[in-house]
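Here is a friendly walk through one model, to be read with the sequence and the 3D view side by side. Each section takes up one part of the fold.

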Amino acid sequence: MQFIQAKHHGGNENTPVTRLVIHATCPDTGYPSASRAGRAASTARYFQSTSRPTSAHYVCDVTATVQCLSEETIGYHAPPNAHSIGIEICADGGSKSSFDNPSHSYTREQWLSPQVWPAVERAAILARDICHRHHIPVRKLSTAQVKSGMSGICGHDNVSDAFHQSDHDDPGPYFPWDRFMAAITNTHPEELTMADVKELKASIVSAQQQLHHDVGVVQNQNGMLKKQIENLSWVKNPVTGKLWRTKDALWSIWYYILEVRTRLQKIENRLSDLERKVK
Ligand SMILES: [Zn+2]
């Protein structure tokens, strides 16, 4: 994963992490440009150089995830920031005061479209890993639960509403939380894990060994068959006791038949001569 260090942060006392906050970057470029390939890197470079005190731990677009802060470092993404990790999904998802153009907010259909969903899925797979490593329960928190300090996953909007220390409302009202949470918990059948790859490799190795064994068996059988065919190819001449090739023996029988036919013809001719003389 590419790492582009963000300029602004709040020091290295982020652990223990209890909250995972989901954001939309909201570049106000609309669907689907806000999510296109390259947005994660360009957002990270913005965090690297901006004079505004803003940053996040990870940024996901449809083809890449870029890390901008170590998870032990406090990011400036959704105050109060300590003990939380922020994932930015490259998308337009805000709806009110925080963004220049609310009409750019993605609809549910746009979030779920092939032009955007891979970015959400990347964030979900990353969220699964983060929750596992930091023992964060995989559950979507309400604003009240965020306020009570419960551990789990929420949006920037929940943090804004709970603490009123920011006005951002991303990832917005149409973010498909149901599908996002399902993508975290349900290992998608199409998604290959290292265990799948190992299993596949083991089955290929065993198939190859089986094939190697079978080739050996066929080779042996071919060798024996060759001998048997060889044996069939020779017959013993009953007169001389010598071995003949079977095909030579067959031809000799054929020539003998022809010879016999000629001899019979000659005898028939002589009989005809004798018949004429007797008359
Ligand atoms: Zn945000």
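Glu88 sits in strand 5. Helices and strands here are DSSP runs numbered from the N terminus, with helices being H or I runs of at least four residues and strands being E runs of at least two. This is a predicted model, in which local features need pLDDT of at least 70 and side-chain atom pairs count only at pLDDT 80 or more, while totals for chains, interfaces and linings use all residues. Residues are numbered from 1 along each chain as its sequence is written.

Is Glu88 buried or exposed? Glu88 is buried, because 33 other C-beta atoms lie within 10 Å. A residue is called buried if 20 or more other C-beta atoms lie within 10 Å of its own, exposed if 12 or fewer, and partly exposed in between, with C-beta atoms placed from the backbone. Leaving out residues up to four places away in sequence, Glu88 touches His23, Thr25, Thr43, Ala56, Tyr58 and Val59. Contact means that the C-beta atoms of two residues, placed from the backbone, lie within 7 Å. Asp61 is 27 residues from Glu88 along the chain, and their C-alpha atoms are separated by 8.8 Å.

## The loop between strand 4 and strand 5

Leu69 belongs to the loop between strand 4 (65-67) and strand 5 (84-89). Leu69 is buried, with 26 other C-beta atoms within 10 Å. Its contacts, setting aside neighbours within four places in sequence, are Ala6, His9, Ser55, His57 and Gly75. Asp196 is 127 residues from Leu69 in sequence, and the two are 31 Å apart in space, C-alpha to C-alpha.

Pro80 is also placed in the loop between strand 4 and strand 5. The peptide bond that joins Pro79 and Pro80 is cis, with omega about 0°.

## The loop between strand 2 and helix 1

Take a look next at the loop between strand 2 (19-24) and helix 1 (39-49), where Pro32 is found. The peptide bond from Tyr31 to Pro32 is cis, and its omega is near -15°.

Cys26 counts as buried, because it has 29 C-beta neighbours inside 10 Å. Asp28 has 16 C-beta neighbours inside 10 Å and so counts as partly exposed.

Thr29 lies in the loop between strand 2 and helix 1 as well. With 16 C-beta neighbours inside 10 Å, Thr29 is partly exposed. Thr29 and Asp157 are 128 residues apart in sequence, and 20 Å apart in space from C-alpha to C-alpha.

## Helix 3 against helix 6

Helix 3 (residues 117-134) packs on helix 6 (residues 177-185) at an angle of about 50°, and their axes are 8 Å apart. That angle makes helix 3 oblique to helix 6. The axes are lines fitted to C-alpha atoms, for helices over the stretch in contact, and angles run from 0 to 180 degrees between N-to-C directions. Angles under 35 degrees count as roughly parallel, over 145 as roughly antiparallel, 65 to 115 as roughly perpendicular, and the rest as oblique.

Helix 3 brings Val120, Glu121, Ala124, Ala127 and Arg128 to the contact, and helix 6 brings Phe180, Ala183 and Ile184. These residues divide into six nonpolar, no polar and two charged. In this grouping Ala, Val, Leu, Ile, Met, Phe, Trp, Tyr, Cys and Pro are nonpolar, Asp, Glu, Lys and Arg are charged, and the others, Gly among them, are polar.

## Helix 7

Helix 7 (residues 194-232) has 39 residues and reaches 56 Å from its first C-alpha to its last, close to the 57 Å expected at 1.5 Å a residue. The expected span is 1.5 Å times one less than the number of residues. Helix 7 is hardly covered, as the count of buried residues among its 39 residues is zero.
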